[in-house]
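Subject: Structure for your files, with notes

Hello,

Here is the structure I said I would pass on. My notes come after it.

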Amino acid sequence: MTEHSVIRVADGYDVVIGEGVLAQVGGALPTGTARVLVVHAPVMEPQAGDLAATFDAQGLQTQIVALPDAEGAKTAQVAADLWARLGQAGFTRSDVVVAVGGGATTDLGGFVAATWLRGVQVVQVPTSLLGMVDAAVGGKTGINTAEGKNLVGSFHPPHSVWCDLAVLRTLPPADLAAGLAEVVKCGFIRDPRILDLVEQHPREAVDPTSAVLRELVERAVQVKADVVAVDLKESSLREILNYGHTFGHAIEQREHYTWRHGDAVAVGMVYAAELARLVGLIGADLVERHRRVLASLGLPTTYPAGHFDELLTVMRRDKKTRGSMLRFVALESVGRVTRIEGPADDMLRAAYDAVSS
């Protein structure tokens with residue numbers, strides 16, 4: 001059997017990490033499964049086809065559907081098309097959706113599973129670094145609307161998650177780096193060793209064959225597993241996983257999702273750090289550490305000037321907003337997280353100026 005590590009998410013499910021674990025998915029479906037819907041990102045057609053063939057060989061009724069690329073998959077229309085397929089195929093509560101692709105694919109696949117018959121099982125097979133360390137773990141599912149990202153969704157923990165590190169070798173370097181933004185986030189909010197590894201081994205951190213990258217993936221997944229085990233539905237602790245996301249999601253919407261999620265979150269973390277500095281929570285040295293660590297991975301740390309009002313409008317629709325009070329996840333130090341509630345607009349603008357200079 002291929003060497004792999006297993007991270008248990010509370011008493012709910014396992015995240016399996018290692019080279020070649022994709023071959024084990026066929027033998028790990030829930031007992032009683034009769035039908036499988038395999039949804040996949042366009043570039044994952046060979047891997048999804050291999051899985052579908054495995055399910056067919058087991059006597060399962062298998063359908064395979066290629067989704068639109070990236071965030072184009074996360075629409076109400078795509079979800080409705082998949083619901084129609086499930087209905088036509090006679091999917092029951094003992095059947096399974098398998099999602100093979102990056103974060104957008106696992107978000108959409110999980111959402112369709114969560115909403116069909118008020119919940120069927122989903123097996124997540126993330127094939128991007130972002131999907132492995134963030135989107136596929138934790139049970140958050142969702143689609144986008146014209147008003148913002150992930151505003152429609154459900155908490156629906158998966159049956160299991162399979163992270164085949166061999167697939168990372170096929171990723172473009174920019175996509176791998178973008179996924180590392182979520183890893184770095186886990187370092188700032190919970191596990192300082194992640195930051196140490198990136199600072200000590202920046203080249204190995206972006207090498208999909210390295211032991212350093214594997215450790216980074218394992219550590220980031222462990223951070224998320226620990227957090228969601230305490231707070232599945234984001235009522236308190238889980239909000240820390242949104243570090244950098246309030247400003248990052250605003251960038252994504254303003255750019256019509258042409259920015260990689262990780263790139264936007266990288267800038268969002270610098271923004272959150274600048275805001276924390278302005279309100280007196282952290283010093284300039286920790287802000288600079290954000291820039292230094294992210295830049296060492298090839299991630300952006302600035303955003304063009306002149307768009308503050310538009311970005312502020314989007315941020316006010318953020319899921320962490322309560323009433324009219326805008327709330328930001330912020331640091332007091334590495335590993336110590338707090339919230340900034342209701343910052344003045346001039347403070348928000350000053351932080352924007354700091355990341356757009």
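Predicted model: local features only at pLDDT ≥ 70, side-chain atom pairs only at ≥ 80, totals over all residues.

Residues are numbered from 1 along each chain as its sequence is written, and side-chain values use heavy atoms, with hydrogens and water left out.

Domains and interface

The protein chain falls into domain 1 (4-170) and domain 2 (173-355), with bounds that come from an automatic or database domain assignment. Their centres, taken over C-alpha atoms, are 26 Å apart. Domain 1 puts 32 residues into the contact and domain 2 puts in 31 residues, where contact means heavy atoms within 4.5 Å.

The two domains bury about 2800 Å² between them, and 67% of that is on carbon and sulfur atoms. Buried area here is the accessible area (1.4 Å probe) that two parts lose on being put together, summed over both. On the domain 1 side, Leu129, Val133 and Lys149 lose the most area to domain 2, together 22% of what that side buries.

Nine residue pairs are in polar contact between domain 1 and domain 2, both residues being at pLDDT 80 or more. A polar contact is a pair of N or O atoms within 3.5 Å; within protein, one must be able to donate a hydrogen and the other to accept it, and residues adjacent in sequence count only if both atoms are side-chain atoms.

On the side of domain 1 that touches domain 2, at least two residues each come from strands E1 (4-9), E2 (13-18), E7 (140-145) and E8 (148-155) and from helix H4 (129-135). Helices (H or I, at least four residues) and strands (E, at least two) are DSSP runs, numbered from the N terminus. H4 gives the most to this side, with six residues. By type, the residues of this side are 17 nonpolar, eight polar and seven charged; Ala, Val, Leu, Ile, Met, Phe, Trp, Tyr, Cys and Pro count as nonpolar, Asp, Glu, Lys and Arg as charged, and the others, Gly among them, as polar.

Threonine 127

Threonine 127 sits in the loop between strand E6 (121-126) and H4. Its relative accessible area is 5%, so it is buried (buried means under 20% relative accessible area, exposed over 50%, partly exposed in between; 1.4 Å probe, protein chains only). Leaving out residues up to four places away in sequence, threonine 127 touches Met44, Val100, Gly101, Gly102, Met132, Val167, Leu168 and Leu171.

Salt bridges

The count comes to 28 salt bridges, each a side-chain nitrogen of Lys or Arg within 4 Å of a carboxyl oxygen of Asp or Glu. Three salt bridges cross the interface of domain 1 and domain 2.

Glutamate 252 and lysine 149 pair at 2.7 Å, N to O, and both residues are buried.

Arginine 292 pairs with glutamate 199, their closest N and O atoms being 3.5 Å apart. The former is in helix H11 (residues 284-296) and the latter in helix H6 (residues 192-200), 93 residues apart. Arginine 292 is partly exposed at 44% relative accessibility, and glutamate 199 is partly exposed at 32%.

Glutamate 239 pairs with arginine 339, with closest N and O atoms 2.7 Å apart. Glutamate 239 is in the loop between helix H8 (211-230) and H9, and arginine 339 is in strand E11 (residues 336-341), so the pair ties together parts 100 residues apart in sequence. Glutamate 239 is buried at 2% relative accessibility, whereas arginine 339 is partly exposed at 29%.

Regards
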